Amino acid sequence: MSDKRKTDAQIVHCPEFSENSSLNIPTLRILQDDGTLYPNAAMPDIDQTLALKIYDTFLFIRALDERMLASQRQGRISFYMTETGEEAADIGSTAALKDDDMIMAQYREQGALAFRGFEPDEFMNQIFSNEKDYGKGRQMPIHYGSNKLHYMTVSSPLATQLPQATGYAYALKAQDKPNCVICYFGDGAASEGDFHAALNMAGVLKTPSIFFCRNNGYAISTPAHEQFAGDGIAPRGVALGLKTIRVDGNDVLAVLKATQEARKLAVEHHQPVLIEAMTYRLGAHSSSDDPSGYRNKSEEDTWRSKCPVSRFKHWLIHQGWWDEEQELARKETHRTSVVQAMKKGEKVPAPALKELFTDVYDSLPWHLEEQHKALEQHIRKYPDAYKTTSWRFDDE
Amino acid sequence: MSKINLLQAINNALDIAMTSNEKTLCFGEDVGHFGGVFRATSQLQEKHGKHRCFNTPLTEQGIIGFANGVASQGMTAIAEIQFADYIFPAFDQIVNEAAKFRYRSGNEFNVGSLTIRTPYGGGINGGLYHSQSPEAYFTHTPGLKVVVPRNPEQAKGLLLASIRDDNPVIFFEPKKLYRASTGEVPDHDYEIPLGKGEIVKEGSDISLLAWGAQMEAIEKAAEMAEKDGISCEIIDLRTLLPWDRDLVSASVKKTGRFIINHEAPKTSGFGAEIAAAIQEECFLYLESPIVRVAGLDTPFPLALEKEYMPDHLKTYEAIKASLNY
């Protein structure tokens, strides 16, 4: 029998329509706003070292985002995106993984990368598009990537990383590797066709994939209720055969717990998982927009009071693992390291002219060789018009 | 050597690719047990296992996105798009993702081990949506290679080279020739280099260029012209991106006349690129204007397919006009 459709479903004799309320998906929350735990809450696997590593990444990302947004305003960089308000979502989930699990990010997950050990200098080389950038200065700021840290290079088109996460995870499974892929995306990206394609294929092909939706309420200016009519993103996972869970995305312990469980399902049972983290983008979409045009300040204030960083800090203090003195010292350390890295990164020259042509293919085909040669001749004729590259011709 | 058709040659190449490299996966709509709607992947699942040759859901964007993921992990991905007419939902994954994967990451990651196979072209009464030749959309995308074989022996060697090339390749298969074209094909594992065209027949009066199924049209036209005493040089371009400009320009410098034939619509077809490049290279050698004999600038028809096609008769007329210019 190839037809395995269930035909033994309950039969009714009057029409009954299913709706949102037919499927009631709860939200996992472990940590209260004041930093105490809910009674009987199921704790994630966490010790002092992991807790402090997570929190330190929070502080670093706050320092990085604050400084880089200011640099964009000063005109030192062209573009930036903060993840303020969403730190628990990406950092808490990455903390649940093994270091060699693949991360496929959307673009607002620099915290996950920092957690893996991406250095301030490495951030700056990318942001300043200099010759030390792994991406050779080809993509706008925040399009990070690192092979050694298993963080797939970010690409601007939305949701394209989702079916790729399914394929990457399939390849892991096909080679019996004990790893999974986590794939981040937003509530807006979930409207793309690639979202449906990816989850459907993951469900059918049983891939070790964790799809992690940061439902932060907005896609640039479009609020979630103008993005979809259903009950968020989670029901779609259920419909496509994924184990699905919704978590308070501002509760790092809930995010960590859910992702630890998801990883087990993915790696040990080849069961793909969808996690919907309910959070809020406290900053603008990017340095190019101004949220005051589409939402009011009191809404932002409500969410600011649910800050994931301070909620976790309260818990750490309750645990006796953290105090205000350490807080001040650590914040200062991060601020200094970011500023120093920035000053260093902005002095590194742009990539050489040849990097305009490399990596289109594995080697230079004749037409690119020809175009390179012609362009170099032209620049030699008008060196002042192309100062980014002309100065170094004679050094090479 | 075995006498086999083009489909069997492709099936044989896939089998060799999967045997010689265990990290090779082959997938797409209906390609599993059923062996694909044209049977190009016949018996591959039985031979190499369900996890290496399998069906996917019906989602072209998903198939190519998935393939990009497989290839970026380091495995070899051979994805089938059932008809080239249905490749467009995957356009973003091909143009924005596959083609730019290496460049945008500074080679931190790449999908060089990706090959997309897809049947293209008319001649099977397929109408608008089972007949298109969309190669020019992809030749306009840096980072891709585009390959089209003309017969079984070429198909096997070019497909094996495409699968093993360290760049994403779109391999367009002339479905009209799947069963119609038979020939002697070596049984062993061999590759025909990408980026190299081939002079199929030498001549002195005019150069005729095509690829894939249209090779038949220019060969037939050349036979007619030979009877009029016109000696035609016949070129199979084989790889459209990056294409073998040196081979073509050497031929045109020798003959002084040049006709390009392709099935896709004339406007912005790949013939336009070839014509522009060759006039740059061969301006002082040309005895007459470069001419394109191409599909019409209409959607692909059904009842009037014969009228639409840039066949041997249209090519023959173009040869005479070029000689009498």
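This is a predicted model: local features need pLDDT of at least 70, side-chain atom pairs count only at pLDDT 80 or more; totals for chains, interfaces and linings use all residues.
In the contact between the chains, 35 residues come from chain B and 38 residues from chain A.

**Where chain A meets chain B**

- On the chain B side, α3, α4 (91-97) and α5 (101-104) each put in at least two residues.
- Helix α3(B) has the largest share of that side, with 10 residues.
- Sorted by class, the side of chain B that touches chain A comes out as 10 nonpolar, 19 polar and six charged residues.

**The α6(A)–α3(B) crossing**

- As for handedness, α6(A) and α3(B) make a right-handed crossing.
- From α6(A), the residues in the contact are Gly193(A), Asp194(A), Ala197(A), Ala198(A), Asn200(A) and Met201(A).
- Facing them from α3(B) are Gln61(B), Gly62(B), Gly65(B) and Phe66(B).
- The class count for this contact is four nonpolar, five polar and one charged.

**Domains of chain B**

- Chain B splits into domain 1, residues 2-185, and domain 2, residues 198-323.
- Domain 1 of chain B brings 25 residues to the contact, and domain 2 of chain B brings 21 residues.
- Four elements of chain B, namely α6 (135-139), β6 (145-147), α7 (152-164) and β7 (169-174), each give at least two residues to the side of domain 1 that touches domain 2.
- That side of domain 1 of chain B has 11 nonpolar, 10 polar and four charged residues.

**Domains of chain A**

- In chain A, the assignment gives domain 1 as residues 23-345 and domain 2 as residues 353-395.
- Taken over C-alpha atoms, the centres of domain 1 of chain A and domain 2 of chain A are 38 Å apart.

**A helix pair within chain B**

- Helix α10 (residues 245-255) and helix α11 (residues 270-282) of chain B have axes that come within 10 Å and cross at roughly 60°.
- That angle makes α10(B) oblique to α11(B).
- The α10(B) and α11(B) crossing is right-handed.
- On the α10(B) side you'll find Arg245(B), Val248(B), Ser249(B), Val252(B) and Lys253(B), which meet Ile274(B), Ala277(B), Ile278(B), Glu281(B) and Cys282(B) in α11(B).
- By class, the contact of α10(B) with α11(B) comes to six nonpolar, one polar and three charged residues.

**A mostly covered helix in chain A**

- Helix α4 of chain A (residues 120-127) is mostly covered, with seven of its eight residues buried.
- The buried ones are Pro120(A), Glu122(A), Phe123(A), Met124(A), Asn125(A), Gln126(A) and Ile127(A).
- What the buried residues of α4(A) pack against is α1 (48-73) and α11 (324-345), both of chain A.
- After α4(A) comes Ser129(A), with a positive phi near 50°.

Technical notes:
Residues are numbered from 1 along each chain as its sequence is written. Chains are lettered from A and ligands numbered from 1 in the order in which they are written. Axes are lines fitted to C-alpha atoms, for helices over the stretch in contact, and angles run from 0 to 180 degrees between N-to-C directions. Angles under 35 degrees count as roughly parallel, over 145 as roughly antiparallel, 65 to 115 as roughly perpendicular and the rest as oblique. A crossing is left-handed if the near helix is turned anticlockwise from the far one by less than a right angle, and right-handed if clockwise. Two residues are in contact if their C-beta atoms, placed from the backbone, lie within 7 Å. Ala, Val, Leu, Ile, Met, Phe, Trp, Tyr, Cys and Pro count as nonpolar, Asp, Glu, Lys and Arg as charged, and the others, Gly among them, as polar. A residue is buried if 20 or more other C-beta atoms lie within 10 Å of its own, exposed if 12 or fewer, and partly exposed in between; C-beta atoms are placed from the backbone. Domain bounds come from an automatic or database domain assignment.
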